[in-house]
Amino acid sequence: MKKRKINVLVLLFSLLSVCGWAQEPVYLDESKPIEARIKDALSKMTLEEKVALCHAQSKFSSKGVPRLGIPDVWSADGSHGVSDEKLWDEWSGAQWTNDSCTAFPALTCLAATFNPEISLLYGKSIGEEARYRNKTMLLGPGVNIYRTPLNGRNFEYMGEDPFLASRMVVPYIQGVQSNGVAACVKHFALNNQEISRGEINVNVSDRALHEIYLPAFKAAVQQGNVWSIMGAYNKIWGVHCCHNDLLLNKILKNDWKFDGVVVSDWGGVHNTDEAVNGGLDIEMGTYTNGLTTQGHFPFSSYFLADPFLKGIKSGEYEMSKLDDKASRILRMIFRTTMSANRPFGRFVSPEHSSAARQIADEGIVLLKNNKQFLPIPAGKYTKIAVIGENAVRSLIVGGGSTSLKAAYEITPLQGLKNKYGENHIVYSMGYASGPSLYGAEEPSKLNIDSLQNAAVEVARHADVVLFVGGLNKNYFQDCESGDRKSLSLPFGQDKLIEAIEKANKNVAVILLSGNAVLMPWLDKTPAIVQGWYLGSEAGNALADIISGDVNPSGKLPVSFPKKLEDVGAHAFDKLCYPGDGVNVYYKEDILVGYRWYDTKNIPVLFPFGYGLSYTTFQYGKPAVSSKSITAADSLMVTILVKNTGKVAGKETVQLYVNDEASSLPRPIKELKGFKKISLEPGEEKTVSFTLTKEDLSYYDDKKNAWIAEPGKFKIMIGASATDIRGTEDFILK
């Protein structure tokens with residue numbers, strides 16, 4: 001309806017213009033440059049209309065300028081699905097009957113594909129759903145770095161490596177925005193824990209900030225040209241991120257030349273002066289606490305509402321501040337809702353189901369496969385026991401803002417029944433968790449001993465057991481506002497797995513989670529699959545992999561540690577994580593993820609970049625285009641990779657760089673390239689990478705600059721961070 005009103009207004013001006021009675025305003029003329037349109041619109045707006053752009057009018061919308069035919073801004077939660085419509089000023093769903101979306105896999109799964117083409121498909125597909133629902137802004141993707149495996153929101157993000165996150169976020173953004181919907185990259189920045197998230201002050205070196213925590217955001221702005229960014233709840237340098245002058249004005253808008261909108265996280269604004277001067281453009285959700293606070297605090301009382309208007313009128317605040325905010329918001333509206341080239345989108349289509357399944361297929365990681373335990377082709381076994389609550393539990397609800405109202409969800413149990421036939425599957429729950437609640441934990445009322453005994457009995461009489469467990473999106477699991485309490489599997493699963501394996505040695509463990517877990521039963525388990533949260537097509541995708549219809553090709557975007565104390569963020573004291581409620585100190589500095597384990601020589605359960613296949617790949621010797629280059633040159637690295645197995649498969653070739661001697665300490669290796677290739681049996685392909693001085697640089701916090709220091713470098717090419725298949729040296733002059 002809003003779009004129709006705009007078109008009618010445009011048509012009216014056109015008719016009047018043809019008749020010589022009026023000239024179409026510049027802001028409505030799409031043939032004019034967007035900056036000229038913004039300037040014209042601003043000139044026609046009242047002070048009150050400009051201020052109204054800058055704050056919420058409902059839980060998920062802010063005002064446009066109805067008098068001028070400029071539409072409201074409507075946003076929707078959804079880095080992996082477009083959330084349902086909400087009541088005007090409440091978190092509760094509006095109970096529409098036409099807002100059930102396609103649930104795509106969570107972003108850890110997308111990162112595990114190591115495939116930018118799949119990321120583009122993901123962004124395009126979810127963008128089409130957001131466009132169909134006429135959203136201006138999709139509140140995702142998230143690119144906060146995986147600092148600790150206890151972080152409740154890690155499943156929403158793209159792993160522990162800034163290079164991987166940077167390469168994967170750009171096509172996602174481009175796909176979303178090709179539909180005339182603004183992607184909103186979040187949470188800017190350093191929102192790496194949920195404990196005390198609303199007030200914790202992050203103390204981090206400038207070097208770690210620029211090398212680890214900012215690159216994905218920078219890529220989103222400078223390569224993805226993202227149209228909006230969401231501030232984080234926490235503080236940096238003692239100031240909240242949603243109105244942090246250094247972060248938003250100096251780094252984002254000045255250094256990176258971001259021309260889009262900064263929107264606050266819901267309830268992330270605390271002060272009018274800082275909101276006006278600190279770089280915030282749209283204030284949302286004030287006086288809510290994440291997703292918990294209900295209430296009807298008047299929108300006119302927001303920090304960027306009446307207090308802002310009063311300050312402008314009194315001369316306390318500069319008019320230029322308001323015009324800048326209004327200009328950015330208008331620019332986003334002209335790029336989205338008021339773009340004549342905006343496609344119509346589509347919703348819960350067969351194409352989106354296919355995309356969701358393809359993303360899941362490529363993101364599932366095979367962690368262990370002794371004696372080719374997997375795949376299990378249809379007809380191999382008469383009785384397959386499926387055990388575990390996650391085989392039947394919905395994993396698209398819960399988790400806070402990622403909870404979805406999906407049109408459908410194929411559970412693992414249903415997917416396996418579809419693949420092997422209902423007569424060959426017997427199911428037992430084995431363990432139980434409580435309901436998915438936000439901000440509270442409620443245990444299951446079912447008897448754990450009875451569930452376990454029943455499951456063991458089922459396992460005892462089966463040919464093979466598929467245990468489907470892991471985490472879920474309950475509070476203190478993978479959930480917003482509460483970090484995990486332990487690295488162990490919850491709900492008695494470790495004990496259950498060990499009991500099942502005593503009854504039946506043919507057990508494959510399938511973990512569905514957004515985080516690493518401990519595996520005390522690892523040595524006795526023939527096969528392990530890491531499945532993430534896989535969305536609407538979860539069951540079909542898992543059945544694809546387990547049956548061998550699809551050869552697994554996912555690689556871990558995070559390291560799986562052997563114990564929590566091995567993690568850099570947990571290797572010091574509580575001030576390092578979770579802090580004292582006031583401050584947290586990133587004492588591990590730049591050594592996050594595999595950088596920490598490598599440098600400290602700490603073995604892990606499964607390394608970053610790791611993932612098995614049903615075939616095997618042989619790597620040749622890497623070659624470089626030159627043994628020495630200058631900072632102005634680029635270096636070509638090539639390597640031959642061959643499928644030496646009997647089935648087609650995909651392999652992700654990873655390139656790491658080692659700086660053999662530098663003025664500042666550097667990690668043993670850093671990911672600087674990856675390519676996913678598909679090979680038929682016996683086929684070989686040459687994989688090539690190009691390195692520039694940027695790939696060899698580190699951030700010198702004393703000089704506030706990126707430095708490519710002359711010296712000897714080593715190229716390391718492998719199948720994971722610890723499985724290096726070949727090296728080659730060169731010198732940067």
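This is a predicted model: local features need pLDDT of at least 70, side-chain atom pairs count only at pLDDT 80 or more; totals for chains, interfaces and linings use all residues.
1. Residues are numbered from 1 along each chain as its sequence is written, and side-chain values use heavy atoms, with hydrogens and water left out.

2. Back to the aromatics. A search of the whole structure gives 28 aromatic pairs. Rings of Phe, Tyr and Trp (its six-membered ring) pair if their centres lie within 6.5 Å; planes under 30 degrees apart count as stacked, over 60 as edge-to-face and the rest as tilted. F308 and Y317 make an edge-to-face pair, with 6.1 Å centre to centre and 65° between the planes. Both F308 and Y317 are buried. Y475 and F476 form a tilted pair, at 4.3 Å centre to centre and 45° between the planes. There is also an aromatic cluster made up of F114, F163, Y594, F608, Y656 and F674.

3. Next, please look at helices α6 (residues 162-177) and α8 (residues 215-222), whose axes come within 8 Å and cross at roughly 30°. That angle makes α6 roughly parallel to α8. Angles under 35 degrees count as roughly parallel, over 145 as roughly antiparallel, 65 to 115 as roughly perpendicular and the rest as oblique. Axes are lines fitted to C-alpha atoms, for helices over the stretch in contact, and angles run from 0 to 180 degrees between N-to-C directions. Helices (H or I, at least four residues) and strands (E, at least two) are DSSP runs, numbered from the N terminus.

4. The crossing of α6 and α8 is right-handed. A crossing is right-handed if the near helix is turned clockwise from the far one by less than a right angle, and left-handed if anticlockwise. On the α6 side, P162, A165, S166, V169, V170 and I173 meet P215, A216, A219 and A220 of α8; contact means heavy atoms within 4.5 Å. By class, this contact of α6 with α8 has 9 nonpolar, 1 polar and no charged residues. Ala, Val, Leu, Ile, Met, Phe, Trp, Tyr, Cys and Pro count as nonpolar, Asp, Glu, Lys and Arg as charged, and the others, Gly among them, as polar.

5. How many of the 8 residues of helix α7 (residues 206-213) are buried? The count is 7, so α7 is largely enclosed by the rest of the structure. The buried residues of α7 are R207, A208, L209, H210, E211, I212 and Y213. Their cover includes α6, α8, α18 (594-599), β25 (670-679), β27 (698-700) and β28 (705-707).

6. The residues of the contact of α2 with α12 divide into 7 nonpolar, 1 polar and 5 charged.

7. I376 deserves a visit too, in the loop between β11 (365-369) and β12 (384-387). With 0% relative accessibility, I376 counts as buried. I376 touches Y381, Y420, V464, L466, I546 and S547, leaving aside residues up to four places away in sequence. I376 and G548 are 172 residues apart in sequence, yet 6.7 Å apart in space, C-alpha to C-alpha.

8. Finally, some backbone details to check. Most residues other than glycine have a negative phi, and most peptide bonds are trans. The peptide bond from G140 to P141 is cis, with omega near 10°, and P141 sits in the loop between β4 (137-139) and α6. Y577 and P578 are also joined by a cis peptide bond, with omega about 5°. Y287 has a positive phi of about 70° although Y287 is not a glycine; at 53% relative accessibility, Y287 counts as exposed. N704, in the loop between β27 and β28, has a positive phi near 55°.

Methods: Buried means under 20% relative accessible area, exposed over 50%, partly exposed in between (1.4 Å probe, protein chains only).
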